[in-house]
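Please look over the sequence and the model below before reading on. The paragraphs after it are meant to be followed with the structure in view.

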Amino acid sequence: LVSGFGGAGMPTELLHALIEQGARELTVVSNNAGNHEAGLAALIKAGRVRKVICSFPKASHSWVFDDLYRRGAI
């Protein structure tokens with residue numbers, strides 16, 4: 001479960017630590033699918049997320065998720 005609403009309250013450093021730690025095949029539950037290429041979007045871009053459950057997957061800043069979704073990769 002990832003807190004935050006958009007970029008506000010998103011645990012960016014924790015999400016970047018998950019990338020460094022090597023966590024894989026994650027299922028993420030969040031309000032959105034990440035913004036820009038930091039935090040949750042960075043975790044998704046790194047290929048560590050298998051499934052995303054969220055309310056707003058297609059926000060204007062969510063190009064990482066959008067690209068992977070269109071390719072059928074997530």
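This is a predicted model: local features need pLDDT of at least 70, side-chain atom pairs count only at pLDDT 80 or more; totals for chains, interfaces and linings use all residues.

In soluble globular proteins, nonpolar side chains tend to be buried together. Here the largest nonpolar core has 14 residues, and those with the most contacts inside it are Leu-15, Leu-40, Ile-44, Val-49 and Val-52. At least two residues of this core are supplied by each of helix 2 (40–45), strand 2 (49–56) and helix 3 (63–70), while the largest share, four residues, comes from helix 2.

Helix 2 is also the place of Leu-43, which counts as buried because its relative accessibility is 1%, a value that falls under the 20% cut-off for burial. Once residues up to four places away in sequence are set aside, Leu-43 touches Leu-15, Leu-18, Ile-19, Leu-26, Arg-48 and Val-49. The distance from Leu-43 to Thr-12 is 9.8 Å, C-alpha to C-alpha, although these two are 31 residues apart in sequence. Val-49, for its part, is in contact with Leu-26, Val-28, Leu-43, Ile-44 and Ile-74, again leaving aside its neighbours within four places in sequence.

Helix 3 can be followed next, and the reader may ask which of its residues are buried. They are Val-64, Phe-65, Asp-66 and Leu-68, and the buried residues of this helix pack against helix 2 and strand 2. Just after helix 3 comes Gly-72, which takes a positive phi of about 75°.

Asn-32 is found in strand 1, which covers residues 26–32, and Asn-32 counts as buried because its relative accessibility is 4%. A polar atom of the Asn-32 side chain lies 3.1 Å from the backbone nitrogen of Gly-34.

Is Ile-53 buried or partly exposed? With a relative accessibility of 43%, Ile-53 counts as partly exposed, since that class lies between the 20% limit for buried residues and the 50% limit for exposed ones.

Technical notes
Residues are numbered from 1 along each chain as its sequence is written. Side-chain values use heavy atoms; hydrogens and water are left out. Buried means under 20% relative accessible area, exposed over 50%, partly exposed in between (1.4 Å probe, protein chains only). A polar contact is a pair of N or O atoms within 3.5 Å; within protein, one must be able to donate a hydrogen and the other to accept it, and residues adjacent in sequence count only if both atoms are side-chain atoms. A nonpolar core is a set of buried Ala, Val, Leu, Ile, Met, Phe, Trp, Tyr and Cys residues joined through side-chain atoms within 4.5 Å. Contact means heavy atoms within 4.5 Å.
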